[in-house]
Amino acid sequence: MAKEPPFSLPPVVFNPSTPAHRRHPIPGPGASPPPAFAPPRPSTSSAANPLPFMSFDIPAQSNSTPPIFTGPIGGSSASFEDEPPLLEELGINTRQIWRKTLSILHPLRSADPSLHADADLSGPFLFLLSFGLFQLLAGKFHFGIVLGWVTVASLFLYFVFSMLSGGRRGDLDLYRCVSLVGYCMLPMVIFSAVSLFLPRGGGLIFGMGMGFVLWSTRVCTRLLAELASSGDEHRGLIAYACWLVYMLFSLLVIF
C-alpha cells in the first residue's frame, strides 16, 4: 500500500499565451514587421562618445615649448672632442708597443731596457695571439698551450731569479717578467709564419728554428739581466733558462 506524501504539491499549469507586456502590436496592411532585436539608442549625453566607459578627452596642449639642453650631460663644459681615445683610457699605449717591437725586431741591435721598464701585457697578448693564429693555419690548435706555457715560463724565470739573487731582484717583478717573456716571443712568431712555407722534417726548418731560438734567448737574457740588480753575475744561467723556454716553443712549431 503506497504511502501518501506528507505535503501536497500544487498543480503546475502551463499557459501558452504570451504576457500582455511582451506582446507586439499586430502590424497593419503594408507595414513592415518589427525587428527581432532593436539595440537601445544612446542617450544624448553619450552621443558624442559611443563608448561611455572609455574616455577620449585629450588635454589641451600648452603653448610653452619644452626646454632645449644645449650643454653636455652632467653639466661639465667639456665636449666629446676633448675626450681621450678609448685605447688610452684602457691603458694601451700603441706607440710604446710599436717602439718595444722595433727594439726587439732587429736581431743584431741590442734592445733598450729603458723601454721595457714600463711593462704591459697588450703587446705580449698580441704576439701570442698571432703565434696561435699561424699555428692554426698549420693545422694546430695551440692557443691554450701557448698561454699556459708562457705563464709557466714566466713563473720559472722569476723563481730562477729569486734563487740566484737571494731576494735582490731589482726592478724585476712577476708582471714585468711576463711582459718580457711575451715581447721576446716576437722571433718565435716570425718563425711560426715562415714555417708555413718550409718542408716538414727537413734540416732547413731545424736550422732556422735554432737561429730564431738564439735570437729570442739573446734579447730576453739582456733585458732580464739589465732589469735585475744581480743579473750580470749570472748571465750564463739566465741565458740557459731562456734557451729552454724558447726551445719548447720552437719544437711546438716544428712538430
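Predicted model: local features only at pLDDT ≥ 70, side-chain atom pairs only at ≥ 80, totals over all residues.
Me: What makes Asp 173 buried, exposed or partly exposed?
Reply: Its value is 33% relative accessibility. Buried needs under 20% and exposed needs over 50%. Asp 173 lies in between, so the label is partly exposed.

Me: How do you know that Asp 173 forms a salt bridge with Arg 176?
Reply: Their closest N and O atoms are 3.3 Å apart. The cut-off is within 4 Å. The pair therefore passes.

Me: What makes Asp 120 and Lys 100 a salt bridge?
Reply: Here N to O is 2.6 Å. That is within 4 Å, so the pair counts. The partners are 20 residues apart: Lys 100 sits in helix 2, and Asp 120 in the loop between helix 3 and helix 4. Asp 120 and Lys 100 are both buried.

Me: How many salt bridges does the whole structure hold?
Reply: A search finds 2.

Me: Why is Glu 89 called partly exposed?
Reply: Its relative accessible area is 49%. Exposed means over 50%, and buried means under 20%. Glu 89 falls in between, so it is partly exposed. Glu 89 belongs to helix 1.

Me: Which helix gives the largest share of the nonpolar patch?
Reply: Helix 4 does, with 4 residues. Phe 125 is in helix 4. The patch has about 590 Å² of accessible area together, and Phe 125 and Phe 141 are among its members.

Key. Residues numbered from 1 in each chain as written. Heavy atoms only, no water. Helix = DSSP H or I, 4+ residues; strand = E, 2+ residues; numbered from the N terminus. Buried < 20%, exposed > 50% of the residue type's maximum accessible area, 1.4 Å probe, protein only. Patch = residues over 30% accessible without salt bridge, like charges linked within 9 Å, V, L, I, M, F, W, Y side chains within 5 Å. Areas by Shrake-Rupley, 256 points an atom, 1.4 Å probe, with all protein chains shown as cover. Salt bridge = Lys/Arg side-chain N within 4 Å of Asp/Glu carboxyl O.
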